[in-house]
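Here are some notes to read beside the structure. Please keep the model open and find each element as it comes up.

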Amino acid sequence: MRKPIIAGNWKLNKTVSEAVKFVSELKEKVGGISDVDIIVCPPFTAVSKVADVLRGSNIRVGAQDAYWEEEGAFTGEISPLMVKEAGCSYVILGHSERRAMFGDTNNTVNKKLKAVLNAGLTPIVCVGEKLEEREKGITKDIVKDHIQGSLHGLKKEEMSEVVIAYEPVWAIGTGKTATPEQAQEVHAYIRELLADLFGGGVAESVRIQYGGSIKPDNIKNLMSQKDIDGGLVGGASLKVDSFEKLVKYREG
Ligand code: PGA
């Protein structure tokens, strides 16, 4: 059985004090939950303070990116070891916003992925097609390219540590969610690709999150699909009430 995993991707939102207030409240509301992995991914500046508040709780902290080098002349970058020491156990990699605006490619995502795994952190690797690609009927080609390119050269045992997030770009921040059936079709395809690359056992154990306009009122249907194991949530993760509802999706 794959344990559901709900992660809040805060993007460029929340100062340190806002972040601390948020997680202090969230901890009270979801403290008793042990059957869902709960993760918050603040901006780098807030990671350390957020991790202090959450130490000993059931909520884990993730970074929104990390560079592949451990140290050196790389102005503006942060290494996996740095985010680990600051309190992260997860790192989001290859988010479509980073691919579109900050030059991330399958190749750089792959390098980051290996560095993140080396540091003993759990990567969340994002893949997904743009609207024009879906309209052209090449969704599966794009997803295959992202999966094969981003995961290139990984060993089976490394792949077991990876979480995949399928995020159709046209659904991110747009209010247009993929239907549960549309999402399931791609999730099942990703699992097939993983089976080809890493074997059926690994493919069955890897968790695949859906992301793109997840809201408290659509998460339950998405989560009811066979191959959807969680959510990577932007907008609806920014308010405590709505993130609480997402984490407690079974009650909705
Ligand atoms: P959204 O973002 O929930 O605001 O659509 C999801 C994401 O970008 O991870």
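1. Start with strand β3. This is a predicted model. Of the 5 residues of β3, 4 are buried, so the strand is largely enclosed by the rest of the structure. Buried here means under 20% relative accessible area.

2. Next, the neighbour of β3 in the pairing. β2 and β3 run in the parallel sense and are joined over 3 bridges. Ile39 has Arg60 in β3 as its bridge partner.

3. Now helix α2, which spans residues 44-54. Which residues of α2 are buried? They are Ala46, Val47, Val50, Ala51, Val53 and Leu54. These residues cover an arc of only 150° around the axis, which puts them on the same side of α2. An α-helix has 3.6 residues a turn, so residues three or four places apart point the same way.

4. Last, the largest pocket. It holds about 450 Å³ of space and is lined by 20 residues. Lys11, Leu12, Gln64, Arg98 and Phe102 are the lining residues that lie nearest its centre. Helix α4 (residues 96-101) gives the largest share of the lining, 3 residues. Sorted by class, the lining has 10 nonpolar, 5 polar and 5 charged residues.

Methods
Residues numbered from 1 in each chain as written. Predicted model: local features only at pLDDT ≥ 70, side-chain atom pairs only at ≥ 80, totals over all residues. Heavy atoms only, no water. 1 Å grid on protein atoms, 1.4 Å probe; cavity = no way out; pocket = protein on both sides within 12 Å on 5 of 7 lines; lining within 4 Å. Points joined across faces, edges and corners; volume = space filled by probe spheres on them. Helix = DSSP H or I, 4+ residues; strand = E, 2+ residues; numbered from the N terminus. Nonpolar A, V, L, I, M, F, W, Y, C, P; charged D, E, K, R; others polar. Buried < 20%, exposed > 50% of the residue type's maximum accessible area, 1.4 Å probe, protein only. Arc of directions from axis to C-beta. Pairing = 2+ DSSP bridges.
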